[in-house]
Amino acid sequence: PTLHLFTRAGLYRVAPVTWYLSTPTTSLDLPIARVGFLYANAVACANAAEPTVSTLVDGKVHRYTRDLTEESNVLQFFASHKLTPLKLHKGYISEPAESDEYILDVGIDEVENDFEQLIRTLIPQLRMRGWTVTFDRDFPFQATEYVDDWYADFASESEQPWFDLELGVKIGGEQINILPLVVSALQRFLSQHGRKGLQDIPEDGAFTLTLEDSRIIALPMGRVRTILGAIIDLYDPPNVGADGKIRLPRTQLGAANEIETVLGESAVSWTGSAHLRQLGQQLRDFKKIEAAVIPEQFQAQLRGYQQEGVNWLQFLRQYELGGILADDMGLGKTVQALAHICIEKAAGRLDRPCLVVAPTSLIPNWRSEAARFAPHLRVLPMHGPQRKLRFGEMADHDILLTTYPLLHRDSKALLEQKYHIVILDEAQNIKNPKAHATQVAQGLETRHRLCLSGTPLENHLGEIWSLFNFLMPGYLGDESRFKKNWRTPIEKFADRERQKMLSRRTAPFLLRRTKDNVAKELPAKTEITISVEIDGTQRDLYESIRLAMNEKVRREINKKGLARSRIVILEALLKLRQVCCDPRLLKQERAYTTNDSAKLTQLLEMLSELIEEGRRVLLFSQFTSMLAIIEAEVQARKIPYVKLTGDTLDRSTPVAKFQRGEAPLFLISLKAGGTGLNLTAADTVIHYDPWWNPAVESQATDRAHRIGQDKPVFVYRLLTEGTVEEKISALQLRKRALADALFDEGKTNMAELTLSDLDTLFEPLV
């Protein structure tokens, strides 16, 4: 189809309002659309009666049969936009109309506004459908040709912590910066539809923008939608300068680089700072980063993936960026961090100490690893009752070791000292941004910040925000913006596009390798779930507790709502879990008179068989009181064992005894011993009771299944059949999915706990 837009002068005659007035008849110029159909070089006028059309080529007449059915379909589409044949118009038309002339079928006062709107919306659609559209030069409403040539520019002054981003299109060799127009359109769109409305923008169709000279440009809707998604967090608060460029901190280079990722490098002409573009590309693919030279003083041979990790840490240090080393437990995050510190020492940059903040249980591990791999580094542990006597020595050491509980207690001394690097080990400990330890960590003065954590996300995306707020404040916006822009769309509305974008946004600063990917030399790990059926008085107790707590939970939800009933829900689930483990965990008379514990019976049978077979067993439970019950049973059976809980002051002795083979059984509380232990002498792991986060269980399992293990590892999970334990196990998959989605944008995500989930958790036993 062809469309030509022009103006017919004096076409519309307006007669006097009444017969007795002497107002003269006036005339108006009206915009007209002429429609035709192209057959080779011959144009057939719309609505013409002839079934054929002919043209003269090289002195010969060529005749073509028209496809009147298809022409009719096209004209019906045309008519659906208020365009009707001029000859059928009901107004006072002063001149005869041609068959191919169309006019807007609206009131005379509406013609101008409606025709301008038509140009904005219909013409881009027609061009994308294959129409040829032309304009008379003096036609009052113009539209450019469809644009498909883009350019982008990164620019920054030397040594500045910011850069300018420009994005635009080329029309006839002219570069037009459209970023301010797109930002303005985004602001208008968000005020009307909110961020969730971005999902509803169609992939096809056209997006129109009006330039300062009144020209209208049409852009592919799918591409504009992608750009809107990429800059949605870059403009708020608006950073557009008078020159139409967005000024951003260098930490946002990865976010700005998303535009190149989603549009495709071949579709955009990239200009400006080659250095900035190279940095952005390295942030997307750290394997292109230059290899770091490990000093001779570092006494360990790094594996390939560990060398890549050190390269990445050095890259972040070079560009003053923070990052999360999120390797699986057992892959050597501590070793990589120590190698990184050794490089800084050898290069002469370590003129201030490095501060390592870790859980109390990991301080011995840092001391032993540093003594083993980097004995030349001066290490000062700052914990214990005598620690304050050594505050004056901090500046004379290379590494200072402290704990999360001591961050608040020793905040004055710690905040006064300046650091070269601050490393948070098991950094999920600062997942609560309002906690005192988190706030002290934020206030530490340091050149570089790093987080080590195999589980940077345990429950919800807000925990990731807290880590990034420590590493690079503002990178993911403030807490309220992050919740509005990321948490709510992903966790509540399952917005896959926002999920993918968050994965891309965090990927340059979050390095994760799994054992399956990099530690091929590890022996096999076999995971086995053992279902245990409860019966008798234990079953009766479970049902009575379930009925009572279900009723209590429902009352609380009806009174306060689901979100504000969390404490009561957790209390109810705790009681049900305690019944499943052993009724004696409940603090009530009936529980004490109920000696049945199907799971404990199953466990003791397993331990007898496993130890008789010569197996070395790690037994984890979240309840120290459950470990005490198990300990009494083990003692009665004269099974040698060692034990570690939060009350254990000397952690190294039970670990050494187990590793030397002096005891075949290690009883460990999940909270105290789930991290920081190397127990490769074990070949069997038993999880007595499950909890929400599967990553916590994985960390505990990795005490045995880690680098240095040379035996196959068997992992047993004991679940009481049909109870809340089985239901929790199913919900664990959603927790794992949320964490996986952070590392892999192709994974699905997780929604929050729902009323339907509660119905499942409180189902009666079958």
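A: The account below describes the residue Ile363, then its setting. The model is predicted: local features need pLDDT of at least 70, side-chain atom pairs count only at pLDDT 80 or more, and totals for chains, interfaces and linings use all residues. Numbering starts from 1 along each chain as its sequence is written, and side-chain values use heavy atoms, with hydrogens and water left out.

Ile363 belongs to helix 9, which covers residues 363–373; helices are DSSP runs of H or I with at least four residues, strands are runs of E with at least two, and both are numbered from the N terminus. Ile363 has a relative accessible area of 1% and is therefore buried (buried is under 20%, exposed over 50%, partly exposed in between, with a 1.4 Å probe and protein chains only).

Leaving aside residues up to four places away in sequence, Ile363 touches Ala358, His383, Leu401, Thr402 and Thr403, a contact being heavy atoms within 4.5 Å. For Thr403, which is 40 residues from Ile363 along the chain, the C-alpha separation from Ile363 is 7.7 Å.

The wider chain provides the context. In the protein chain there are 26 helices and 28 strands. Of its 766 residues, 53% are buried. Among contacts in the protein chain with a separation of 6 or more, 70% join residues 24 or more positions apart.
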